[in-house]
Amino acid sequence: MSPRTSNYILIGIVVGIAAAFAGVQLFGEQMIAFEWMGTLFLKALKMIIVPLIMASMIVGITGLGDVRRLGRVGGLTVLYYATTTALAVALGIVLVNVFRPGVGLGLTASVTPDAVMGKEAMGFTDVVLSFVSDNVFKSMAELDILPIIVFSLVLGGILTTLGRDGEPVIAFFNGLNEAIMKMVHLLMYTAPLGVFGLVAGRFARAGDLGELVGGLGKYMATVLVGLGIHGFVVLPLILWLFARRNPWRYLANMATPLLTAFSTASSSATLPLTIEATEERNHVSRQSAYFVLPLGATINMDGTALYESVAAIFIAQAVGIELTLVQQVMIFLTATLAAVGAAGIPQAGLVTMVIVLRAVGLPLEGIGLILAVDWLLDRFRTAVNVWGDACGAGIIDRVLIQMKAAGVHPDTPTTP
């Protein structure tokens with residue numbers, strides 16, 4: 001994947017937006033006719049998600065050697081994800097209390113959006129239960145990623161304990177992974193046209209963006225400022241401190257997956273490109289990239305968590321509910337944990353928002369207040385989600401290098 005690809009994708013985004021706005025003025029909704037190119041590109045990405053996740057997770061785990069190594073590396077990975085998510089939520093809460101975008105709007109909650117209908121009873125037990133599926137093949141067909149991650153983790157760990165009996169299976173997944181990455185290379189030739197179709201179609205459906213934003217401009221600005229600070233200050237600082245990498249060079253090398261994340265609004269669909277850019281351009285080891293990134297695409301949602309904290313307090317401000325400090329602490333906790341259950345698909349944050357709103361007794365109908373601009377903010381927070389995953393891979397890779405330097409090798413068990 002060359003830097004030229006990211007340039008073409010950027011051109012596809014810019015041309016798509018420009019063509020959509022110009023086309024709406026000249027041809028109305030006829031510009032939506034170009035959307036099929038984006039739909040085809042997105043479907044092609046989704047087609048390889050399941051085999052990619054299974055193969056990459058198993059290759060990453062078996063590359064660590066004995067399964068007893070998984071505990072330490074896995075624990076550090078989860079610790080990183082939990083820390084950055086908590087920082088994102090805290091940042092969102094501070095900003096929404098400083099800017100107070102909902103105060104004075106005098107809005108009333110509208111009807112509950114279809115995306116969250118039937119989710120009123122959703123709680124943390126549902127999130128825990130979602131880790132395991134009663135039919136893994138059904139989860140594959142429905143792109144229910146979390147159970148697939150758990151299944152792949154367990155299978156990869158067991159394969160490391162089988163000795164020679166496990167070697168043919170490991171070799172199969174290694175070959176499968178290589179083949180899928182070749183498919184990604186081929187797919188990238190169509191990326192500019194696919195991105196153009198996605199952006200042009202979505203912006204054409206939105207119509208007049210200025211009219212659409214209306215009184216939500218301050219809310220949008222609060223979310224975007226928070227995402228900007230987290231993406232360009234917090235994550236680069238963590239990457240530099242703990243991985244000793246140049247964050248700006250690292251960021252530039254991630255241009256293609258980040259632009260794809262913006263255009264598709266799906267961290268799962270972007271996963272093949274994230275893995276490729278992290279391994280090939282940022283020179284993160286295969287062990288780190290193939291273990292950390294698929295896991296992060298499912299449980300690491302910095303941008304989504306920040307958005308949920310801002311949106312929940314904005315809804316309270318807009319409908320005239322003054323939240324106490326205890327309630328805001330509850331939002332901090334629930335937004336941090338609910339982000340784990342946010343699947344890497346477009347607007348999944350709307351569904352997990354139910355947990356956050358219910359935790360402090362806010363009306364679910366309040367989600368309808370932000371629905372008009374959620375599709376646009378979704379693209380920015382998805383890009384931050386993917387960027388956070390990539391930073392995590394770089395940091396865990398640094399940890400593995402330090403462990404090897406200390407004589408603790410991935411193929412050497414840490415316990416007798």
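Predicted model: local features only at pLDDT ≥ 70, side-chain atom pairs only at ≥ 80, totals over all residues.
**Ground rules.** I number residues from 1 along each chain as its sequence is written. Local features need pLDDT of at least 70 and side-chain atom pairs count only at pLDDT 80 or more, while totals for chains, interfaces and linings use all residues, and side-chain values use heavy atoms, with hydrogens and water left out.

**Overall.** I looked up the secondary structure and got 19 helices and zero strands (DSSP runs, H or I of at least four residues for helices, E of at least two for strands, numbered from the N terminus). Of the 416 residues, 55% are buried, meaning under 20% relative accessible area with a 1.4 Å probe, protein chains only. For contacts (heavy atoms within 4.5 Å) with a separation of 6 or more, 86% join residues 24 or more positions apart.

**Aromatic pairs.** My search of the whole structure gave five (Phe, Tyr or Trp rings, the six-membered one for Trp, with centres within 6.5 Å; planes under 30 degrees apart are stacked, over 60 edge-to-face, the rest tilted). One of them is Y250 with W387, tilted, at 6.0 Å centre to centre and 50 degrees between planes. Y250 is in helix α12 (residues 247-253) and W387 in helix α19 (residues 367-405), so this pair ties together parts 137 residues apart in sequence. Y250 is buried at 1% relative accessibility, and W387 is buried too, at 3%.

**Charges over rings.** I counted NZ of Lys or CZ of Arg within 6 Å of the ring centre and within 35 degrees of the ring normal. R381 has its charged end over the Y307 ring, 3.7 Å from the centre. R244 lies over the face of W240, 4.6 Å from the ring centre.

Conventions: Buried < 20%, exposed > 50% of the residue type's maximum accessible area, 1.4 Å probe, protein only.
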